[in-house]
Amino acid sequence: MLHIILFQPEIPQNTGNIGRMCALTRSRLHLIHPLGFKITDRNLKRAGMDYWRSLDFREHADWAAFRGAAGGPSRLWLFTTRAERSFWDVRYADGDGLVFGNEGSGAPEWLHDELRGGRVAIPHANPDLRSLNLSTAAGIAAFEAIRQLAHP
């Protein structure tokens with residue numbers, strides 16, 4: 001199983017899109033509070049559509065609760081524009097967790113420090129632009145991991 005971890009996501013449509021992807025790929029979605037919306041938000045439900053009922057997702061009060069919860073990932077990879085290592089250079093394994101910071105400020109410095117050895121970036125060709133949309137980045141990352149798991 002692949003784990004997708006959203007650290008304090010702010011935009012319900014992004015989380016809904018990621019939830020839909022997780023339901024389709026049978027990945028577990030972890031939402032780390034506080035969230036910038038309520039799980040009952042109509043925008044979240046619209047983006048996730050009826051796939052939300054098939055989603056394996058867990059909510060965690062904070063990062064410490066996530067780290068202490070049963071059924072979590074075996075390794076963590078922090079997707080960030082601040083990494084020098086490409087996500088293509090990683091050999092993903094069953095049980096890995098892909099961590100994404102929030103839309104406004106990314107991951108906090110302490111999380112970068114904790115996951116320093118597992119920081120990876122999705123390369124992009126235009127250095128003048130900052131980053132991809134959260135749901136796009138999560139989709140790219142998840143499907144690369146799934147491709148590797150399906151074709152070792």
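β1 and β2 pair in the parallel sense over five bridges; two strands count as paired if DSSP finds at least two bridges between them. Strands (E, at least two residues) and helices (H or I, at least four) are DSSP runs, numbered from the N terminus. This is a predicted model, in which local features need pLDDT of at least 70, side-chain atom pairs count only at pLDDT 80 or more, and totals for chains, interfaces and linings use all residues. Residues are numbered from 1 along each chain as its sequence is written, and side-chain values use heavy atoms, with hydrogens and water left out.

Within this pair, F7 has I32 in β2 as its bridge partner. Helix α1 packs on the sheet and touches β1 and β2, its direction making about 170° with that of β1. Contact here means heavy atoms within 4.5 Å. Axes are lines fitted to C-alpha atoms, for helices over the stretch in contact, and angles run from 0 to 180 degrees between N-to-C directions.

The open sheet has six strands in the order β3-β2-β1-β5-β4-β6, with parallel pairing. β3 (56-60) and β6 (119-120) stand at the edges with a single partner strand each, so one side of each has no neighbour in the sheet.

Most residues other than glycine have a negative phi, and most peptide bonds are trans.

| Residue | Phi | Relative accessible area |
|---|---|---|
| Q8 | about 50° | 23%, partly exposed |
| R26 | about 60° | 72%, exposed |

Q8 lies in the loop between β1 (3-7) and α1 (12-25), and R26 in the loop between α1 and β2. The peptide bond from H33 to P34 is cis, with omega near 5°.

Technical notes: Buried < 20%, exposed > 50% of the residue type's maximum accessible area, 1.4 Å probe, protein only.
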